[in-house]
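Please read the following walk through one protein model with its sequence and structure at hand. The text goes from one part to the next.

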Amino acid sequence: MPADLRSKLGLLELPNPVLAAAGCAGAGRELAHFMDVARVGAIVSKSIMTEPRTGNPAPRLAETPSGLLNSIGLQGPGIDAFLQRDLPWLLSHGARVVVSVAGQTIREYGALATRLSDAAGVSAVEVNLSCPNAEETGRPFAFDPGTAGQVIAAVRGGLRPDIPVFAKLSADVTDIVAVAGACVTAGADGLSLINVLLGMAIDPGTVRPALAGTYGGLSGPAIRPVAVRCIWQVREAFPDVPIIGTGGVRSGRDALELMLAGASAIGVGTAIVHDPSACSRVLRELEEELAVIGADRAADVIGQAHAAQAHPAYGAPAAYGAYGTRGAPGRLTRGATRWG
């Protein structure tokens with residue numbers, strides 16, 4: 001019998017834990033040619049701002065050996081177009097919608113929240129805290145616990161109580177737990193981590209930066225170990241706060257790894273660039289992984305690596321908790337101890 005994939009993120013209940021992460025899925029229309037947008041747990045919109053933005057000049061993308069650098073610059077249609085065009089389209093196709101918001105000031109975040117509070121069909125709001133704070137020399141909100149908390153308080157105050165707020169955190173900080181704590185204290189119902197890591201590439205042929213904006217956000221498989229570390233640390237500090245884990249997920253096994261670290265749901269992002277059906281595929285592979293380890297519910301594996309480390313005699317090597325021993329490459333073999 002297939003595992004129960006239902007996922008609960010505080011007040012938000014989803015049919016499964018696989019989400020299309022913000023950015024790579026656009027507004028969802030782009031994926032509809034390759035997959036059923038209602039099949040995944042939710043579509044997280046590209047970050048929306050109050051006004052339309054053209055984004056940064058080209059080149060805005062640069063491939064790396066194990067990922068992708070981007071300097072898109074939050075190109076988007078603005079909140080009016082999103083509410084009039086994109087949100088109704090997603091809802092008409094049965095998708096659950098998590099709206100990502102971004103701003104240059106705390107006031108802009110609050111204004112976006114107020115607009116979304118009046119909109120029907122918003123399942124949750126994800127707050128992109130990696131935007132530069134225009135009022136403080138361009139330092140991203142995510143870099144300081146105090147300003148991150150102020151943004152979350154503004155968003156929480158502008159939204160209806162039944163719309164959960166998820167703070168999306170950056171790993172480019174010394175203490176991600178401190179930022180997470182400030183966001184939870186300010187009213188975040190959950191956390192989303194991690195966002196891209198700041199990186200750079202230089203083209204030896206032109207002897208210039210590969211991106212017109214010089215720096216860019218690194219995503220893809222290269223950042224997954226960082227995502228696992230951050231999820232692990234935040235889960236240890238706040239075991240009751242739901243986490244959406246993102247960062248380098250390209251297979252069901254990757255998704256399982258992030259869930260074992262403490263994520264309640266998984267965002268698939270850069271994998272969509274070369275495989276537009278990646279969300280559906282990762283969901284199918286996650287079902288297979290859960291069957292192999294004998295898990296009856298996806299919820300049962302969340303954070304289980306913490307229990308395994310605390311109790312190595314749990315029935316299997318500490319690296320796999322109750323799952324048994326490692327089998328063939330890329331698979332887990334069920335051991336004597338089974339979920340029940």
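Which residues in α2 meet which residues in α3? The model is a predicted one, and in it Ile-106, Tyr-109, Gly-110, Ala-113, Thr-114 and Ser-117 of α2 meet Gln-150, Val-151, Ala-154, Val-155 and Gly-158 of α3. Two packed helices are described by the angle between their axes and by the distance between those axes. For helix α2 (residues 106-117) and helix α3 (residues 145-158), the axes come within 7 Å and cross at roughly 25°. Because angles under 35 degrees count as roughly parallel, α2 is roughly parallel to α3. The crossing of α2 and α3 is right-handed.

A pair of strands comes next. Strands β8 and β9 run parallel and are joined by four bridges. One of the residue pairs is Val-125 with its bridge partner in β9, Val-165. Along β9, Val-165 and Ala-167 point one way, while Phe-166 and Lys-168 point the other way. Those residues of β9 are all buried.

Lys-168 also takes part in a salt bridge: its side chain meets that of Glu-126, at 4.0 Å from N to O. Lys-168 belongs to strand β9 (residues 165-168) and Glu-126 to strand β8 (residues 122-128), so this pair ties together parts that lie 42 residues apart in sequence. Both Lys-168 and Glu-126 are buried.

How many salt bridges does the model have? The count comes to 14. Another of them joins the side chains of Arg-281 and Asp-275, with 2.8 Å from N to O. Arg-281 also meets Glu-285 in a salt bridge, here at 3.3 Å from N to O. Glu-285 and Arg-281 both lie in helix α8 (residues 278-293), where they are four residues apart, about one turn of the helix. Is Arg-281 buried or exposed? Its relative accessibility is 18%, and buried means under 20%, so Arg-281 counts as buried. Asp-275 is buried as well. Elsewhere, salt bridges link Arg-29, Arg-85 and Asp-86 in a network.

The next part is a sheet. Four strands form an open sheet in the order β5-β6-β14-β11, and their pairing is antiparallel. At the edges are β5 (61-64) and β11 (197-200), each of which pairs on one side only. Neighbouring strands in this sheet are turned against each other by 40° on average, with direction ignored. Within the sheet, strand β6 (residues 67-70) pairs with strand β14 (residues 215-219) in the antiparallel sense, over three bridges. Leu-69 has Leu-218 as its bridge partner in β14.

With 0% relative accessibility, Leu-193 counts as buried. What is Leu-193 in contact with, leaving aside its neighbours within four places in sequence? Its contacts are Leu-169, Ile-176, Cys-230, Ile-231, Val-234, Ile-243, Ile-244, Gly-245 and Thr-246. As for Gly-220, which is 27 residues from Leu-193 along the chain, the C-alpha atoms of the two are separated by 14 Å.

Notes:
Residues are numbered from 1 along each chain as its sequence is written. This is a predicted model: local features need pLDDT of at least 70, side-chain atom pairs count only at pLDDT 80 or more; totals for chains, interfaces and linings use all residues. Side-chain values use heavy atoms; hydrogens and water are left out. Two strands pair if DSSP finds at least two bridges between them. Helices (H or I, at least four residues) and strands (E, at least two) are DSSP runs, numbered from the N terminus. Axes are lines fitted to C-alpha atoms, for helices over the stretch in contact, and angles run from 0 to 180 degrees between N-to-C directions. Buried means under 20% relative accessible area, exposed over 50%, partly exposed in between (1.4 Å probe, protein chains only). Angles under 35 degrees count as roughly parallel, over 145 as roughly antiparallel, 65 to 115 as roughly perpendicular and the rest as oblique. A crossing is left-handed if the near helix is turned anticlockwise from the far one by less than a right angle, and right-handed if clockwise. Contact means heavy atoms within 4.5 Å.
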